[in-house]
Amino acid sequence: MGSDGMLKVPDNPIIPYIEGDGTGIDIWKASVHVFDAAVEKSYGGSKKISWMEVYAGEKPFNLFRNAMGDKAWLPDETVLAFREFLVGIKGPLTTPIGGGIRSLNVALRQLLDLYVCLRPIRYFQGVPTPVKKPEDVDVVIFRENCEDIYSGIEWMTGTAECGKIVDFLVKEMGVSDIRFPECSSIGIKPISRTGSERLVRAAIQYALGHKRKTVTIVHKGNIMKFTEGAFKDWGYAVATSEFRSEVVTERESWIISNHDRNPNLSIEENARMIDPGYDMMSPHQQNGICREVEVALQLVPTHGNGQFKKLLMIKDTIADIMFQQVLTRAKEFDVIATMNIEGDLLSDALAAQVGGIGIAPGANINYVTGHAIFEATHGTAPKYANLDKVNPGSVILSGVMMLEYIGWQQAADMILKALDRTIGQKRVTYDFERMMQGATLLTCSGFADALIENM
């Protein structure tokens, strides 16, 4: 990582990889074949990746558990390799049964502070889906990766620790909203200003760099005002303080549009137009809306007369409404910034609209240090292991993201075009073939071969 915040990538980088559990073995063999072919065809031998296997999951546990115990699930050497070489890729990993590790994926994210879970979701023509207009989906989700309920801070009811927490909340903090305190498990949901700011900052930088039109902050701040509500507020603050000349908020756009149409509007008249409930508000609330109008109107020299329409729009929406709107008006969403649990649910729901998580890529990134691990977003599906059957699309598309991240765009584009062409030819693995008329059934490795043929 250079001092200018840009990756310095040699022509022959060493990239660590984790093969993955279950079907990971089949998927990795197919995927690496595609990556190497794309790099060779794109650069004629002037660039090449040197792959270095590192271990996590069932493979090292079976090899080293007698010597290492539960630490064999995720050896220290693996974490050190990702830390040293910055960029890596992995297949699906199983979740250990018992022991102190909740999830190997979560552990890697937290140990390397990979605070962004990046999930681009788009449709490939011909992929069978349950919705009428899957082509409307072209969304990039920035999901906060290290906070929220996935931080795993919780206590089981009946334990002494849980009893202490309940006593503290009830007796010291005066909490009266725990309905059954004697039998409630307790979890804590930390949302920090620093974590929120860096997540939204990364989403805005991505949107600007990729010429996207909007960033939507998704939250449940109407209920959790001091965690999710604060996430929203901190996100807007980052946008308007650090990117002022490049962004406009949705409410600012309403105010400025009202002024553009009628420069003689009073502050109160403009306030009524952006908040229909203005006349039912308290004087204090009305003053707040009027102040918001005054501040937005200060942007008229730079954002007025329609100038804001060329800028990146920052808006927000409540999480439950979002799940409806991505079905009914998917075109309105471009880049999404959200917290862990909403991002987890929303990314899989959107993936279902374009064909499922079998072809949904993912990455875990720290944009400050440069560390990034690209990964399959699906599970291990052990019943299909070693059958050369499953769709390798998730890891292949994650590899496309990795190639883009290191600046090898030509190779990334070659794979995308080959994927479009191959699916368009209806040459697919079993998960798509069973839902497509006139399709040709390919094995996992056969799909990889077809991609290379179409490069």
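Ala381 lies in the loop between strand E13 (372–376) and helix H14 (393–405), where helices (H or I, at least four residues) and strands (E, at least two) are DSSP runs, numbered from the N terminus. This is a predicted model, in which local features need pLDDT of at least 70 and side-chain atom pairs count only at pLDDT 80 or more, while totals for chains, interfaces and linings use all residues. Residues are numbered from 1 along each chain as its sequence is written, and side-chain values use heavy atoms, with hydrogens and water left out.

Ala381 has a positive phi of about 40 degrees although it is not a glycine. Most residues other than glycine have a negative phi. Ala381 is partly exposed, with a relative accessible area of 33%; here buried means under 20% relative accessible area, exposed over 50%, and partly exposed in between, with a 1.4 Å probe and protein chains only. Lys211, found in the loop between H6 and E8, also is not a glycine and has a positive phi, of about 55 degrees. Lys211 is exposed, at a relative accessible area of 73%.

From these loops we turn to the sheet. Eleven strands form an open sheet with mixed pairing, in the order E2-E1-E3-E13-E12-E4-E5-E11-E8-E10-E9, two strands being paired if DSSP finds at least two bridges between them. Strand E2 (50–53) and strand E9 (247–249) are the edge strands, each of which pairs on one side only. On average, neighbouring strands of this sheet are turned by 25 degrees against each other, direction ignored. Strand E1 (residues 14–18) and strand E3 (residues 87–90) run parallel and are joined by two bridges, with Ile89 in E3 as the bridge partner of Tyr17.

Strand E8 is mostly covered, since six of its six residues are buried. In a regular strand the side chains alternate between the two faces of the sheet. Both faces of E8 are covered, with Thr214, Thr216 and Val218 buried on one side and Val215, Ile217 and His219 buried on the other. E8 runs parallel to E10, to which six bridges join it, and Met313 in E10 is the bridge partner of Thr214. E8 also pairs with E11 in the parallel sense, over four bridges, and Val218 stands opposite Thr338 in E11. Across strand E8 (214–219), strand E10 (312–318) and strand E11 (335–338) lies helix H12 (residues 319–328), running at about 110 degrees to E10; axes are lines fitted to C-alpha atoms, for helices over the stretch in contact, and angles run from 0 to 180 degrees between N-to-C directions. Contact means heavy atoms within 4.5 Å.

Two helix pairs complete the account. Helix H1 (residues 24–43) and helix H17 (residues 444–453) pack with their axes 8 Å apart, at an angle of about 10 degrees. H1 and H17 are therefore roughly parallel to each other, given that angles under 35 degrees count as roughly parallel, over 145 as roughly antiparallel, 65 to 115 as roughly perpendicular and the rest as oblique. Residues of H1 including Ile27, Ala30 and Val34 meet residues of H17, among them Ala448, Leu451 and Ile452. Helix H6 (residues 193–209) and helix H7 (residues 228–242) pack at an angle of about 50 degrees, with 9 Å between their axes, and are therefore oblique to each other. In H6, Leu199, Val200 and Ile204 are among the residues that meet H7, whose contacting residues include Phe231, Trp234 and Val238.
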